[in-house]
Amino acid sequence: MATPASAGSGALLRDVLARIGDKWSVIVICRLDGQPRRFNELRRLAEGITQRMLSATLRHLERDGLVRRTVYATVPPQVEYALTDRGRSLHTILYQLVDWTDGNLAGIQASRAAYDTGRATHPAPPAAMSPGR
């Protein structure tokens, strides 16, 4: 695995990982797979996203070179969003993550239930008081 060239690139790495791990970025990238989409179509496909959040997400993804915005000279102007080659390569990775999640969902649910049951029967001890209180 490659290491960052300088200490300053650590902040950039964290920023990019935050972007591609963001809930709405993942959903938008997945909804753009296969064909370009217009803004309102994307908004319908990304259930629950606000117009403001979709605009911001698309701007960030475009800035990072994951999404390409194309404006057509029509009245009114038609705008489409599509994945770039970089965005498609990320989609491949995200799809693998979704596939892994689907394959492990039942086990995760069982682990959560066992953990929650164990916490209910064995509550955490009270926090220790500091000296002088």
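Good morning. From the N terminus on, the elements of this chain run α-α-β-α-α-β-β-α. That order comprises 5 helices and 3 strands, where helices (H or I, at least four residues) and strands (E, at least two) are DSSP runs numbered from the N terminus.

The model is predicted: local features need pLDDT of at least 70, side-chain atom pairs count only at pLDDT 80 or more, and totals for chains, interfaces and linings use all residues. Residues are numbered from 1 along each chain as its sequence is written, and side-chain values use heavy atoms, with hydrogens and water left out.

Let me begin with the chain as a whole. Of its 133 residues, 22% are buried; buried means under 20% relative accessible area, exposed over 50%, and partly exposed in between, with a 1.4 Å probe and protein chains only. Among the contacts with a separation of 6 or more, 43% join residues 24 or more positions apart, contact meaning heavy atoms within 4.5 Å.

I turn now to helix 2. Which residues of helix 2 are buried? They are Trp24, Ser25, Val28 and Ile29. Because these residues cover an arc of only 130° around the axis, they lie on the same side of helix 2; the arc is that of the directions from the helix axis to the C-beta atoms. These buried residues pack against helix 1 (9-21), helix 3 (39-45), helix 4 (51-63), strand 3 (78-83) and helix 5.

The axes of helix 2 (residues 23-31) and helix 5 (residues 85-121) come within 10 Å and cross at roughly 105°. Axes here are lines fitted to C-alpha atoms, for helices over the stretch in contact, and angles run from 0 to 180 degrees between N-to-C directions. Helix 2 is therefore roughly perpendicular to helix 5, a term that covers angles of 65 to 115 degrees. Helix 2 contributes Val26, Ile29 and Cys30 to the contact, and helix 5 contributes Gly87, Leu90, His91 and Leu94.

Next, Arg19, which lies in helix 1. Is Arg19 buried or exposed? Arg19 is buried, because its relative accessible area is 17%. Leaving aside residues up to four places away in sequence, Arg19 touches Ser25, His60, Leu61 and Asp64. Ser25 is itself one of the buried residues of helix 2.

Finally, a point about the backbone. The peptide bond from Val75 to Pro76 is cis, with omega near -10°. Pro76 lies in the loop between strand 2 (67-72) and strand 3. In general, most peptide bonds are trans. Thank you.

Technical notes: Angles under 35 degrees count as roughly parallel, over 145 as roughly antiparallel, 65 to 115 as roughly perpendicular and the rest as oblique.
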